[in-house]
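This report describes a ligand site, the domain division and selected local backbone features. The sequence and structure are shown first.

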Amino acid sequence: MSAQTETVRRLSVVDIARLYADGVRIATITAYDFPTAALVDEAGIPLILVGDSLAQVMLGYDTTVRVTMDEMLHHTKAVVRGTKRALIVADMPFLSYATPDDAVANAGRFLREGGVQAVKIEGGVRSAKSIDALVKAGIPVMGHIGLTPQAINAIGKVRVQGKSREQARQLLADALAVQEAGAFSVVLELVPGQLAAAITERLRIPTIGIGAGAGCSGQIQVINDTLGFGDWTPKHARRYADLRGTILDAVSRYRADVEAGTFPGDAETVLMDEAVLDEVLGRSQADRPEMAAGVADLAGIPLDRDL
Ligand code: KIV
């Protein structure tokens with residue numbers, strides 16, 4: 001098959017397991033819309049998460065608790081439409097997987113209506129039954145432990161998880177519970193680097209870290225942070241671009257051009273046959289604005305006349 005006719009195949013969790021087995025660090029990033037997802041896919045990212053961080057970075061909610069199934073589905077569909085190769089994971093919103101039955105029903109919507117290949121669920125031991133039910137139903141699951149933002153009202157504030165003995169033990173138990181329930185990978189969010197590396201060494205599934213150091217099997221970032229969209233960057237993120245600066249500059253220049261009358265110019269304007277316009281407006285060639293130099297008003301039939 002030539003390079004031109006080669007069809008792009010959608011990756012599956014089996015491909016992710018192969019990358020992990022081959023020791024490839026799994027670069028994962030979020031996407032929430034069609035054009036961004038298309039670029040992320042083109043850049044060769046194998047795993048895309050339609051994160052519920054959507055709530056804050058795209059929809060302007062204060063926490064991820066606020067985003068609904070319908071809102072997540074709407075954005076998930078756009079991401080799936082924009083991509084050909086990456087495996088797409090949909091983040092299950094707050095309370096959508098509280099019971100195994102809810103989990104299967106809602107995850108089923110993500111696969112059937114949204115077109116994703118997997119879902120993500122927050123919580124370790126506490127979510128193991130839902131993960132198990134999903135996996136038994138044939139729905140691949142990415143776990144998510146450490147900081148679980150949907151629990152913000154119980155945690156109080158965003159902070160590193162697992163620094164104390166009890167928390168570290170709990171995190172290890174959570175990681176094992178997620179693996180034993182059948183998840184194909186697990187996100188470790190805001191976990192001390194040494195603990196994340198130790199968890200990674202003890203698991204048979206890839207750990208995908210965010211704020212968890214370089215010892216994880218892969219990394220995930222919120223794309224808005226990576227692209228420098230906001231006026232603030234979390235400590236764990238690196239700004240690979242300054243979209244905020246680029247957009248501010250571009251939109252300011254656009255505004256200035258519109259206000260100065262220099263946009264649109266000739267290059268951005270479509271013209272028609274003047275003779276046709278003469279006929280429609282009921283004017284002669286001599287009445288054309290450029291012919292009637294110095295006369296501001298258009299001659300002929302006024303535009304508000306009922307033609
Ligand atoms: O919603 C999200 O973007 C996430 C990542 C931070 C892992 O859950």
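## Ligand site

The ligand is surrounded by 13 residues, a residue being counted if one of its heavy atoms lies within 4 Å of the molecule. The closest are G51, D52, S53, D91 and K120. By class, the shell comprises 5 nonpolar, 4 polar and 4 charged residues; here Ala, Val, Leu, Ile, Met, Phe, Trp, Tyr, Cys and Pro count as nonpolar, Asp, Glu, Lys and Arg as charged, and the others, Gly among them, as polar. The model is predicted: local features need pLDDT of at least 70 and side-chain atom pairs pLDDT 80 or more, whereas totals for chains, interfaces and linings use all residues. Residues are numbered from 1 along each chain as its sequence is written, and side-chain values use heavy atoms, with hydrogens and water left out.

Polar contacts are pairs of N or O atoms within 3.5 Å; within protein, one must be able to donate a hydrogen and the other to accept it, and residues adjacent in sequence count only if both atoms are side-chain atoms. The side chain of S53 places an N or O atom 2.5 Å from a ligand oxygen. For D52 the corresponding distance to an oxygen atom of the ligand is 3.0 Å, and for a polar side-chain atom of D91 it is 3.1 Å. Taken alone, the ligand exposes 260 Å², of which the protein buries 96% (Shrake-Rupley method, 1.4 Å probe).

## Domains

The chain is divided into domain 1, residues 13–239, and domain 2, residues 271–307; such bounds come from an automatic or database domain assignment. Their C-alpha centres lie 62 Å apart.

## Local backbone features

Helix α12 spans residues 274–281 (helices are DSSP runs of H or I, at least four residues; strands are runs of E, at least two; both are numbered from the N terminus). At its start, a side-chain oxygen of D273 comes within 2.9 Å of the backbone nitrogen of A275. G282 follows α12 and has a positive phi, near 65°.

F263 and P264 are joined by a cis peptide bond with omega of about -5°. P264 belongs to the loop between α11 (243–260) and α12. L95, although not a glycine, has a positive phi of about 70°; L95 is located in the loop between β3 (87–91) and α5 (100–114).
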